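Please find below a briefing on a single structure, arranged by topic. It covers selected positions, aromatic pairs and charged pairs.

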Amino acid sequence: MTVVKSIELVVPRDVYLAGSEVDGQVILSLHSTLINPLLDVQLIGRGYLEWMEESDGNKDYSQASSYINRADYVHRKKTFHIEGNWLDPGVHTFNFGPCCLTRNRTNLHQSVRSICYFAPGLCLPYPLVVEVQKRLRNFCCFNSSPITLRISLCKNIFAPGDSISFTTEITNQTGKSIKKVVFILHSVVLYKGYNLRAERRTLEERSDMMRLESHLEAGSCVDTKIHSTLVLPKVMLVTSSCKSDDIMDIGYDLTGNVHFPCMSTVEAQIPIIIQNEAVETKE
């Protein structure tokens with residue numbers, strides 16, 4: 001019969017977010033006296049990444065390549081002091097905490113497709129304004145007319161669950177009616193992995209998180225101003241810091257697209273930074 005009858009780890013919650021504190025109890029049950037005990041509890045957070053790629057797709061044969069990576073993000077250790085350096089038979093309870101979860105990561109095992117990547121962690125001046133001007137050529141003549149798209153934010157740093165309020169100004173000198181204006185909040189992920197030959201590879205994925213459409217009244221509008229709001233999910237990955245992560249970087253951006261019937265679109269893109277706590281607007 002062993003000395004230890006059972007050992008139980010008790011934590012009050014099932015789900016923890018980034019920045020949360022973890023506390024709990026270690027319950028140790030002994031059959032007999034335990035001499036020179038060494039008891040500790042560790043909080044370890046690890047990230048795993050794997051994806052497959054097909055190479056030589058333009059040839060008669062193809063070869064699948066696997067890219068993998070892993071990293072330790074959190075490592076906290078608490079060693080309990082045992083008075084007298086021995087424990088009697090019976091049940092003993094040890095409290096621990098808090099341990100801070102500095103980051104929130106999950107296992108990743110998926111195929112990803114590269115589109116584009118926005119370097120996250122950029123803190124730009126207040127207010128944040130992006131302006132794009134494009135000249136659209138008319139089909140009936142050789143003349144081209146400009147259209148200006150301007151998107152402004154009072155800040156670009158938000159917390160999960162915040163509302164993103166922004167203003168869009170359109171100066172349309174094309175003489176053509178604007179069909180609609182579409183706003184999309186994107187998440188941009190840069191994955192980093194290694195193959196069996198230790199060759200490093202990065203892969204990027206851009207996905208739509210939220211979408212908002214504004215349909216304008218019929219007729220050619222010279223000056224248009226649109227006030228919009230998007231409410232962020234309460235649970236989402238935070239933007240990667242300036243110090244790059246080993247496995248992946250997380251970024252977000254807000255894109256505004258002006259659509260014309262039978263003509264090209266005009267697009268403006270503005271960075272959005274997600275942190276655990278939002279930054280107040282500077283006066």
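**Burial and position**

Val 22 is buried, at a relative accessible area of 9%, where buried means under 20% relative accessible area, exposed over 50%, and partly exposed in between (1.4 Å probe, protein chains only). The model is predicted: local features need pLDDT of at least 70 and side-chain atom pairs count only at pLDDT 80 or more, while totals for chains, interfaces and linings use all residues. Residues are numbered from 1 along each chain as its sequence is written, and side-chain values use heavy atoms, with hydrogens and water left out.

- Val 22 lies in strand E2 (residues 21-30); strands (E, at least two residues) and helices (H or I, at least four) are DSSP runs, numbered from the N terminus.
- Val 22 and Phe 96 are separated by 74 residues in sequence, and their C-alpha atoms are 8.6 Å apart.
- Thr 239 belongs to the loop between strand E15 (223-231) and strand E16 (248-259), and its relative accessibility of 11% is why it counts as buried.
- The side chain of Thr 239 reaches the backbone nitrogen of Ile 274 at 2.7 Å.
- Val 235 is found in the loop between E15 and E16 and is exposed, with a relative accessible area of 56%.

**Aromatic pairs**

- A search of the whole structure finds four aromatic pairs, defined as rings of Phe, Tyr and Trp (its six-membered ring) with centres within 6.5 Å; planes under 30 degrees apart count as stacked, over 60 as edge-to-face and the rest as tilted.
- Phe 166 and Phe 183 form an edge-to-face pair, at 5.0 Å centre to centre and 70 degrees between the planes.
- This pair links distant parts of the chain, with Phe 166 in strand E12 (residues 163-172) and Phe 183 in strand E13 (residues 180-194), 17 residues apart.
- Both Phe 166 and Phe 183 are buried.
- Trp 51, Tyr 67 and Tyr 191 form one aromatic cluster.

**Salt bridges**

- The count comes to eleven salt bridges, each being a side-chain nitrogen of Lys or Arg within 4 Å of a carboxyl oxygen of Asp or Glu.
- Asp 253 and Arg 206 meet in a salt bridge of 2.8 Å, N to O.
- That pair links distant parts of the chain: Asp 253 is in strand E16 and Arg 206 in strand E14 (residues 200-215), 47 residues apart.
- Asp 253 and Arg 206 are both buried.
- In the salt bridge between Arg 70 and Asp 72, the closest N and O atoms are 3.9 Å apart.
- Arg 70 is partly exposed at 46%, and Asp 72 is partly exposed at 47%.
- Arg 46, Arg 70 and Asp 72 are linked in a network of salt bridges.

Terms used. Polar contact = N/O pair within 3.5 Å; in protein donor to acceptor, adjacent residues only side chain to side chain.
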